[in-house]
Amino acid sequence: MPVATLLPFTATPSRKSASPTSFRLTEKFILLLVFSAFITLCFGAIFFLPDSSKLLSGVFFHSSAVETNTRTGPDSSDSGSAGNDERVLAKIRKDHEKALIEAKDTLQKRPDEIKQDILNEKVKVAKESQGQGGKDVNTLPFIEYRRPVGATGHEPLDPETRDRRAKVKQMMKHAWDSYRHYAWGSNELRPVSKQGHSSNLFGNIKGATIVDALDTLYIMEMFEDFDVATDWVEKNLDFNVNADVSVFEVNIRFVGGLLSAYYLSGKEVFRRKAVELGEKLLPAFKTPTGIPWALLNLKSGIGRNWPWASGGSSILAEYGTLHLEFMHLSKLSGNPEFAQKVMNIRKVLNRLDKPQGLYPNYLNPNSGQWGQHHVSVGGLGDSFYEYLLKAWLMSDKTDEEGKKMYYDALQAIETNLMRKSSGGLTYIAEWKGGLLEHKMGHLTCFAGGMIALGADGAPNDKTGHQMEQAAEIARTCHESYTRTALKLGPEAFRFDGGVEAIATRQNEKYFILRPEVIETYMYMWRFTHDPKYREWGWEAVQALEQHCKVEGGYSGVRDVYASAANHDDVQQSFYLAETLKYLYLLFSDDDHIPFEHWVFNTEAHPLPVIKKDKTDKPNEVE
């Protein structure tokens with residue numbers, strides 16, 4: 001007899017023709033048997049099921065496998081139904097046994113094997129999500145995050161050092177709180193007028209101070225403020241702007257700040273944002289030589305150079321200060337193009353003749369030829385030399401090309417630019433067409449720290465000689481501070497006409513909260529532990545507090561030789577990124593951001609050394 005005539009629940013045309021009398025007798029008995037079998041099946045299934053949401057959902061929520069095996073149609077028979085029941089029970093038993101075997105195998109594995117299985121599963125899920133059109137991490141490859149050594153430190157044992165370190169943290173809190181209160185979301189703060197300030201260096205990108213300060217907040221363990229800044233980056237940091245930006249400034253502040261924040265905290269938002277911005281900067285390299293433009297419209301991808309630069313040239317310190325960040329962008333994105341772009345810059349430079357072994361500040365990106373033969377280790381040239389050395393250090397000392405370029409350049413600088421005044425002060429002059437201008441900029445004062453950092457790897461046993469040079473430059477830059485009324489250094493100082501380490505022109509007497517002198521103090525302390533460097537740093541702290549601190553933050557001053565401070569009403573983002581960070585680390589122990597594991601970009605954003613394994617293949621950052 002067809003099942004359709006037995007089950008009143010099945011809507012069939014023949015159901016209405018069934019006799020009421022026969023239904024009450026024979027069919028009722030058969031119905032009871034079917035219901036009994038159904039109840040037995042349900043309880044049997046529950047009995048055999050383990051505590052698995054996956055298997056329970058297969059029974060109660062009709063998973064596809066079970067639903068296929070239990071589906072009946074108008075032409076099914078009693079024997080077919082019984083066969084389906086047997087297959088269901090057999091499948092449940094099989095799944096149960098499989099789950100028990102998997103659990104037993106897992107328990108027998110080592111913890112590191114279990115961890116790797118979990119990571120592999122994450123990779124699989126991420127790939128499936130991307131295949132289904134999911135955005136997760138914007139197609140970035142999965143990277144197991146390992147926080148490098150020394151991201152945070154501990155309190156110094158010496159009470160005086162501990163108090164001074166705490167004072168620097170208070171300064172950071174005042175600067176940060178003032179920015180949050182008066183200029184949140186703007187690029188920078190006007191601390192006197194208590195409002196936001198934006199520079200055309202960043203186009204319409206906002207939040208330069210937020211991104212620049214991220215790693216300083218983390219290093220100083222101001223984690224609540226760090227979380228607030230992270231939330232702003234996640235929700236508000238937008239690079240889709242129709243405006244020209246400085247490729248150099250956006251790279252060192254935004255890309256560098258985001259990369260550093262990622263390596264310190266492991267938060268994926270920073271990796272995503274850094275790679276997103278890096279990709280928007282790539283069109284700057286679309287020149288005949290591959291030497292990037294100085295300015296780039298992030299929306300149109302059209303680049304150009306500063307109109308004042310020699311014959312439309314690109315600037316050495318700008319195109320030469322992308323290497324560290326772009327190498328890390330390739331590592332974090334899996335896209336080799338970032339590294340290829342900056343390595344091509346070296347190829348162009350290595351094909352050119354260098355006057356006296358020096359690198360002129362200007363290079364035409366169309367012709368690939370030098371512009372005016374002006375050479376400076378200060379503005380327009382400074383960080384190019386810094387990045388040659390740090391590229392070697394960041395590569396775990398495997399970038400031999402970068403190493404050779406740095407030490408050859410340093411030798412040319414020593415021969416042609418480094419001089420000693422009649423008063424015994426060592427300084428680095430500027431070179432213009434073969435003639436020396438005996439001027440040293442505040443920016444050039446970073447060179448003391450750079451030379452100290454590279455002294456250990458110096459060729460021909462020159463380590464001691466280079467440490468002496470570094471100490472002499474640190475002393476000269478300290479003198480440029482002590483010889484002013486405010487005990488803050490001028491933008492540039494001269495060594496001519498009987499003047500030593502003093503600014504003689506009005507447009508060189510200002511101080512805009514720059515970090516370079518304190519940067520050198522920090523490096524010199526780390527390498528020598530001579531207490532004078534901490535004392536010199538503390539002098540700077542006192543001068544900043546006395547002359548630059550205002551109710552609404554910290555301001556630069558227009559004339560360091562005046563008896564009273566005339567504030568310029570700008571709290572630069574690099575004051576939080578560099579000046580205060582270097583002061584904090586000056587009064588910290590050496591294992592806080594240790595040099596063997598970290599390299600600072602030119603905006604003081606620490607980036608981890610990219611370690612190499614024994615097969616000379618890239619390994620995880622340390």
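His374 stands opposite Lys432 in strand 11, within an open sheet of three strands in the order 8-11-12 whose pairing is antiparallel. Strands here are DSSP runs (E, at least two residues) and helices likewise (H or I, at least four), numbered from the N terminus, and two strands pair if DSSP finds at least two bridges between them. Strand 8 and strand 12 stand at the edges with a single partner strand each, so one side of each is left without a neighbour in the sheet.

This is a predicted model, in which local features need pLDDT of at least 70 and side-chain atom pairs count only at pLDDT 80 or more, while totals for chains, interfaces and linings use all residues. Residues are numbered from 1 along each chain as its sequence is written, and side-chain values use heavy atoms, with hydrogens and water left out.

A second open sheet has three antiparallel strands in the order 3-4-5, and its edge strands, strand 3 and strand 5, each pair on one side only. In strand 5, Gly303 is the bridge partner of Leu296.

| Strand pair | Residues | Bridges and sense |
|---|---|---|
| Strand 8 and strand 11 | strand 11: 430-432 | two bridges, antiparallel |
| Strand 4 and strand 5 | strand 4: 295-297 | two bridges, antiparallel |

Helix 9 packs on this second sheet, touching strand 3 and strand 4, and its direction makes about 60° with that of strand 3; contact means heavy atoms within 4.5 Å. Helix 9 (residues 247-265) also packs with helix 12 (residues 323-333) at an angle of about 45°, their axes 10 Å apart. Among the residues that meet are Leu259 in helix 9 and Phe326 in helix 12.

Definitions and conventions: Axes fitted to C-alpha atoms, helices over the stretch in contact; angles between N-to-C directions.
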